[in-house]
Amino acid sequence: MAEFFNMGGYAFFVWTSYAVVAVLFTYQFLSSRAQHKKLISQLGAEAEHKIGRTNKS
Amino acid sequence: MNDQTVSTMSAMMALVRRDLIIAMRERGDMLQPVLFFIIVVSLFPLSVTPDKTLLMQAGPGIIWVAALLATLLALDGIFRPDHEDGTLEQLVLSPHPLSLLVLAKTLAHWLVTGLPLIIISPLLGMLMQLSGDAIIVLCGALILGTPALSLIGAVGVGLTVGIRKSGVLLSLVILPLYVPVLIFGAGAVQAAMVSLDPQPHLLLLASFSLFSLAFCPLASATALKISVN
Amino acid sequence: MTTESLNTSGRGKKWLWFHRFGSPAWVYGFANRWAMPIGIVALLLFVVGLYQGLIVAPPDYQMGDSYRIIFIHVPSAWLSMFSYFVMAASAGIGLVWHIKVSDLVARSIAPLGAMFTFCALVTGSLWGKPTWGTYWVWDARLTSELVLLFLFIGYIALSNAIEDRRTASRASAVLALVGVINLPIIHFSVEWWNTLHQGSTVTKLGRPSIDTRMLIPLLIMFVAFNFYFLSAVLNRLRCELLSQERRTQWVREIVHG
């Protein structure tokens, strides 16, 4: 196991590059899904607001 | 009625003449890129080294980078004043092909900003300790390369002319596209410095300029139509 | 008269599937449905590829274990180029035929392409340190990647700087097309410059045969990256479609439904 993490002495280079890619890919994926959710609720709230106003007037 | 008889050629000539007259009226503006060119080049010996051999090695590259920046600095003038006073809209609406009118404006701009750089370059070559042959090659490379800088630059200005503050944006958009000119141009001078044949570099540079001549006016015309709308 | 009308109706049918891609509502539905499944496929492929690449594949006889970076470097580099071409093609289609979805696809790809280019640069230089002894070598491929990153940055900066969305996508489409014509020239010029200055000091991976245990993870990771790219584009496209079309009926229906 330790041997696996050691990567034949290249641990820093191998794991840093894998980590950079993993973090960026995950962040990108999650943030665009979160943005989608936010957009849906935001647009929903806007629409509610509009309907509320038209009902009042 | 007279308008209909104006051929595209004479429209282009008129446009070049007009831009040159405007430039001559504001000669101070014309000098600015040249002065910038000289100052940037003379900063390098101060910041890097005054050592003769090192300057000889770095000289061609420094002069080319400075020429590129000087071109970039003056680039906005190609369409922006015309955009501000409405001339650009007239050009877009004119019956002549916009790409040819753009070509005429680019030519005028090159005469005003590119040509002075070429004329002053032997002096800078001497400051950078370039050999006599290398200085001749430098002039040749600038003659072949600066048209491409103006042509590609016109596309960038066409794209950004509608944006109020476009200073840094223009450089971001344009500089990566200047890479081939820089490589071939500086390469030619460096080859001449070590007594190699600069001809392949110059030919590549010339072909890149011709290629830009064919495509860039079309792209700038499209860009202007988008920006003016 | 009748034959003519038959003809046009036949053509209409043939093009029906294609026309859907021009309809924002249909594309939104498509993206919404497929983004996650494709992402899951990508994830599974990543797991298999990482297992194969990090555990099964043997160390290289020259580079030791550092070569394992290649399993993520090569797909990143491929996707960086590929996404620029797809972005330019899509932007060009949007520019010529005024297809809004096409513009939005280009907009969705741009940041992803910049991300892949960045990944290719980082992994390339992390691979370069043990292989060449420094983090950065002005090697032709790395330099080309760097210029590509600048091209992506210019594209993103331009499309963000123009306020009107339609003008922005049309202007940046012109830039993408100029860039895509220039890209091979830039690539060639950088290679030319590199051979003049570096000669053959930089040895490449040009070995006649590559061990299958190394090739398999590379292929799996390659496919995984492409699936990830597809899923990410669909994910981003959903958001772009929603915010661009926020005043239309179909968006209202989705928001309420």
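Me: How do the elements of chain B run from the N terminus on?

Reply: They go α-α-α-α-α-α-α-α-α-α-α. That makes eleven helices and zero strands in chain B. Keep in mind that this is a predicted model.

Me: What about confidence, what pLDDT does chain B average?

Reply: Chain B averages 90, with 98% of the residues scoring at least 70.

Me: Which elements of chain B have the lowest and the highest mean pLDDT?

Reply: Helix 1 of chain B, residues 2-5, has the lowest at 55, and helix 8 of chain B has the highest at 94.

Me: OK, switching to contacts between chains. Which pair has the most?

Reply: Two pairs of chains touch, and chains A and C have the most contacts. That contact takes 23 residues from chain A and 30 residues from chain C. On the chain A side, the residues divide into 14 nonpolar, eight polar and one charged.

Me: How far apart are the closest C-alpha atoms of chain A and chain B?

Reply: They lie 24 Å apart, and no contact joins chain A and chain B.

Me: Then how many residues are in contact between chain B and chain C?

Reply: 23 residues of chain B are in contact with 24 residues of chain C. On the chain B side, helix 8 (132-160), helix 9 (167-174), helix 10 (179-193) and helix 11 (199-228) each supply at least two residues.

Me: Which helix gives the most to that side of chain B?

Reply: Helix 11 of chain B, with seven residues. By class, the side of chain B that touches chain C has 18 nonpolar and five polar residues, and no charged ones.

Me: Let's stay on helix 11 of chain B. How far does it reach?

Reply: From its first C-alpha to its last, helix 11 of chain B reaches 42 Å. It has 30 residues, and that reach is close to the 44 Å expected at 1.5 Å a residue.

Me: Where does the kink in helix 11 of chain B lie?

Reply: The kink is at Phe215(B), shortly before the proline Pro217(B), and comes to about 35°.

Me: Now the loops. Where is Ser195(B) found, and is it buried or exposed?

Reply: Ser195(B) is in the loop between helix 10 and helix 11 of chain B. Ser195(B) counts as exposed because it has 10 C-beta neighbours inside 10 Å, and the cut-off for exposed is 12 or fewer.

Me: What is the phi of Ser195(B)?

Reply: Phi of Ser195(B) is near 55°, which is positive in a residue other than glycine. Most residues other than glycine have a negative phi. Gln129(B) also has a positive phi, about 65°, although it is not a glycine.

Me: Where is Gln129(B) found?

Reply: In the loop between helix 7 (98-127) and helix 8 of chain B. Gln129(B) counts as partly exposed, because it has 18 C-beta neighbours inside 10 Å.

Me: Over to chain C, then. How many helices and strands?

Reply: The secondary structure of chain C comes to nine helices and zero strands. Of its 257 residues, 45% count as buried. Among contacts in chain C between residues at least 6 apart in sequence, 79% join residues at least 24 apart.

Me: I clicked on Val255(C). Which residues does Val255(C) touch?

Reply: Leaving out residues up to four places away in sequence, Val255(C) touches Ile40(A), Leu43(A), Gly44(A) and Ala47(A). Val255(C) is in helix 9 of chain C, residues 249-256.

Me: How many C-beta neighbours does Val255(C) have inside 10 Å?

Reply: It has 19, so Val255(C) counts as partly exposed; buried takes 20 or more. The C-alpha atoms of Val255(C) and Leu242(C) are separated by 9.5 Å, and the two residues are 13 apart along the chain.

How values were computed. Residues numbered from 1 in each chain as written. Chains lettered and ligands numbered in written order. Predicted model: local features only at pLDDT ≥ 70, side-chain atom pairs only at ≥ 80, totals over all residues. Contact = placed C-beta atoms within 7 Å. Helix = DSSP H or I, 4+ residues; strand = E, 2+ residues; numbered from the N terminus. Nonpolar A, V, L, I, M, F, W, Y, C, P; charged D, E, K, R; others polar. Expected span 1.5 Å × (residues − 1). Bend = angle between axes of the 7 residues up to and from the residue. pLDDT = per-residue confidence, 0-100.
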